[in-house]
Amino acid sequence: MTRQAFMARLREGLRGLPPAAVADIVADYENHFNEGEAAGRSEADVAAALGDPGRLARELRAEKGLRRWEEERSASAGAGAVFAVLGLGAIDILFLLPILMGVGGAMFGVAVAVIAVFFAGGVVFAAGPFTGLPGGPAAAVLAGIGLMAGATAIGAVLAICTIGLVNALVWYGRLHYRLLKPALEPQAAGGVQ
């Protein structure tokens, strides 16, 4: 693979990242080619030593997504971290996607149930005293408050579980990246210097 083809595939894989980050990454890999050229290596040798530019781009995107989650604990950062980990490769998707779909579906179901119970508690709280429910108006008000409090507590536990799941995926992504990185470093360091 030529330098131009390598850099084009790397840029294509990094599309969507901030332009400054892409420029820094591209400059770093251009430097690898310059050092290899100065050492008398061909572009094809340097490109082979660096590895697949598509895989490098996926790993770099995953690293950016994981860093963003660690710096900014938001829903979009969490989703970005999850998709970054899933984007590392087809094997990861085949392994993680069924598990994530099951866990995510269960969590979504619990979230819908929590919302429904919360609103049902609000209806019991507001309308209960006027309907003649057994136990009188005080029991209806307390039952409504109890339903809303229980739904809020379960929602808080669900939020903690969601954060824990995203943290587990970030840990998995970091482990995956660390396992791949040693395999790439000796090639890049030994082949480009």
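Modeller: Start with Glu-12. Its relative accessible area is 45%, so Glu-12 is partly exposed. Its partner is Arg-15, and the closest N and O atoms of this salt bridge are 2.4 Å apart. Arg-15 is exposed, at 58% relative accessible area. Keep in mind that the model is predicted.

Now turn to Arg-3. This residue is buried, because its relative accessibility of 15% falls under the 20% cut-off. A salt bridge joins the side chains of Arg-3 and Glu-30, with 2.9 Å from N to O. Arg-3 sits in helix α1 (residues 3–14) and Glu-30 in helix α2 (residues 19–38), so this contact ties together parts 27 residues apart in sequence. Glu-30 has a relative accessible area of 23% and is partly exposed.

Arg-3 also forms a salt bridge with Glu-37. Here the closest N and O atoms are 3.7 Å apart. That value still counts, because the cut-off is within 4 Å. This pair, too, links distant parts of the chain: Arg-3 is in helix α1, Glu-37 is in helix α2, and 34 residues separate them. Glu-37 is exposed, at 52% relative accessibility, because the threshold is over 50%.

Arg-3, Glu-30 and Glu-37 are linked in a network of salt bridges. Its members are buried Arg-3, partly exposed Glu-30 and exposed Glu-37. For the model, the count comes to four salt bridges. Among them are the pairs Arg-3 with Glu-30, Arg-3 with Glu-37 and Arg-15 with Glu-12.

Terms used:
Residues numbered from 1 in each chain as written. Predicted model: local features only at pLDDT ≥ 70, side-chain atom pairs only at ≥ 80, totals over all residues. Heavy atoms only, no water. Helix = DSSP H or I, 4+ residues; strand = E, 2+ residues; numbered from the N terminus. Buried < 20%, exposed > 50% of the residue type's maximum accessible area, 1.4 Å probe, protein only.
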